[in-house]
Number of protein chains: 2
Amino acid sequence: MSILRPNVLTSAGYIPGEQPTDPTVIKLNTNENPYPPSPKVMDAIRSITPEQLRKYPSPSGQPFREAAAKILGGGNLTPDHILPFNGGDELLSVAIRAAASEHDSVAFLEPSYSLYPVLTEMNGSNALRLPYTINEPLPNANCQLPIDRGHDAPQSAIGNRQSAMPAWRLPDNIESTPAKILLIVNPNAPSGHLDPLDKLSHIAQNFKGLLVIDEAYVDFAPTSAISLVQKHPNVILLRTMSKGYSLAGLRFGYAIAQPALLKQIEKVRDSYPVDAIAIAAATAAISDQAYAKSTWERVIAERTRVAGALQAMGFSMPDSHSNFLLATTPPTAKLSAQQLYESLKSRGILVRWWNLPRISDKIRITIGTPDQNTRLLTELKSLLQ
Amino acid sequence: MSILRPNVLTSAGYIPGEQPTDPTVIKLNTNENPYPPSPKVMDAIRSITPEQLRKYPSPSGQPFREAAAKILGGGNLTPDHILPFNGGDELLSVAIRAAASEHDSVAFLEPSYSLYPVLTEMNGSNALRLPYTINEPLPNANCQLPIDRGHDAPQSAIGNRQSAMPAWRLPDNIESTPAKILLIVNPNAPSGHLDPLDKLSHIAQNFKGLLVIDEAYVDFAPTSAISLVQKHPNVILLRTMSKGYSLAGLRFGYAIAQPALLKQIEKVRDSYPVDAIAIAAATAAISDQAYAKSTWERVIAERTRVAGALQAMGFSMPDSHSNFLLATTPPTAKLSAQQLYESLKSRGILVRWWNLPRISDKIRITIGTPDQNTRLLTELKSLLQ
């Protein structure tokens, strides 16, 4: 196999979360939206004609660009500010290949999306791993907290609780990182915490390379960095239809950036990256904002309830602005995070656990439907007893 | 824009064939199958559930791998011999990135698929352009040929005609090319001629790098190089559902190679390259061989008829084994190939013309339905009068 590049041969590759075929498994491991896509998406798919399949699709995914610019732009975006990709992952791969040559540096935070180092490796580039500062709470700090008040717990009570929760902070002087490209996922995965907009703005202003702000989870957050696009020619925002719009099965992501930047990025992308059905379905999904927002609100309400219940059990976690929680096992627990993951799996509930530095004592739990979350909490309680 | 790589900034990028939105245009420019996909494809698409869209798809496209291995393998292929991609173009990009580092050499024939040099450029690699030997017929050699006998012309008559037609030949010692990867599209695009299997076998045996045999058009040809896969660990076959299965709008291609090679190639590919709908539709399409074959037979019959009619008008072309013809304008024509292309376009018929060395005196015509082809021939006759 010496016919292939050594960086490919030595890499372990990316390991996606498990996709069980058993439909009874409660799947809280890969951050899918627990609610189905808009009925208008299903209508769009059923309206596809044989002629649309027979012919090549719009290379630029034009109908989607037009819809997205109108809906997201508040008058400030044109279709040329939007560029579709075959999922956000394709955009990440393309952005790295557009900015970094072999042996150039690619910078990303740790912990964050575990695909970044794999894509860096595949490009033959150097990975600059920038550590988040994580202030973990003191052991037993939770004991002073009020017990779980369940579904009715007011936001303020949750807010107070967060003060004793882990806080993640971007490294000082991150903007001086000597890299061709810097990838920040915000809200962060796997923690769900939100880096502040003024900090991102400062980085965009001072970082010398391409700044990718990966907003895969932004639909569950109170703010976005979209305002930075107008000001900074080096900023590219990643969005995906996988989570917020319940279309992980469709593979549709897109970039938001200044048109001059996207014109260049487009050359590195596949020539027809999104198919005719995906264009129609994604356009229908983004056009039905009322439906999508109703799913986000339900997920956010459940996130509050689940976080409160987990904290009452002794778990700690950063304040999440995404559709998952990164829960550190209680200091008093007899089971490790890995054991919790395995025990839940044997009881038909999949969460995510990584054998990686700084997060091997945590499990990441995607927010499911109320019933799924209740089942998870019940099993966890029984496991911790 | 100095934040991007110089090889990206200086590249013109790939220019796809025009995709007119006017449905009355006769589109003979991008080698789509003129017939719609199997009705079973439409059934598969209409059976997609919201749950399939909500969740991530099978990362490996497993249902397709199983179907393709069974149908194509004659008992010799397993699902691990098949690897799906988001269109054949993604496979080309991935193969180049897997085999060639920056400044390594990527070899391909000229003329052939115009995406190869663009992908090479994007990878920062050196393009080794290997020229086909093209024996053009002597001017007026056609005059001795029988006049067009239309639909009923027997194959043998067409076969005799071909002796005065251009012949394309692979360069001698191509197997010694000092490159990490060699791309051969067979049947060739844009000419449609078929390189012989024994020559490909000899190259596979002796070439020191990765040999990609791009069989995008193989469904219209009498032979395939699939038998080479078992013998040669360095051979990867490219197949696509775009042409033979009328699914250009779907973006679905796949590799056939030894499992050990595909295991490595898979690392460079996107983690979820094909979506849930595309997997279902492509699986339905490849499973309906009887339908697909009926479209191939109709295209091949029309190819014979159109080639005969063009030759009778004084065009010359290599013997085509694909779904298009590369026609050199008659020596006596008052219009250049570019003028023919433009005149046809103004009359609502799109063919392909390139302002590139060695082919600027030719137009490439995709075989359409009998009615479309007759319309094309009528317009050409009137233009050449």
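Out of the 385 residues in chain A, 63% count as buried. Keep in mind that what you're looking at is a predicted model. Chain A is built with 14 helices and 13 strands. Its radius of gyration is 21 Å, close to the 21 Å that the globule rule gives for 385 residues, so chain A is as compact as a globular protein of that length.

**Size and contacts of chain A**
- If you follow the C-alpha trace of chain A along its principal axes, it spans about 60 × 50 × 50 Å.
- Take the contacts in chain A between residues at least 6 apart in sequence: 74% of them join residues at least 24 apart.

**A quick look at B:S343**
- Over in chain B, you'll find B:S343 in helix α13, which covers residues 337–346.
- Is B:S343 buried or exposed? B:S343 has 19% relative accessibility, and buried means under 20%, so this serine counts as buried.
- Which residues does B:S343 touch, leaving aside its neighbours within four places in sequence? B:S343 is in contact with B:L335 and B:L383.

Key. Residues numbered from 1 in each chain as written. Chains lettered and ligands numbered in written order. Predicted model: local features only at pLDDT ≥ 70, side-chain atom pairs only at ≥ 80, totals over all residues. Heavy atoms only, no water. Helix = DSSP H or I, 4+ residues; strand = E, 2+ residues; numbered from the N terminus. Rg over C-alpha atoms; globule rule 2.2 N^0.38 Å. Buried < 20%, exposed > 50% of the residue type's maximum accessible area, 1.4 Å probe, protein only. Contact = heavy atoms within 4.5 Å.
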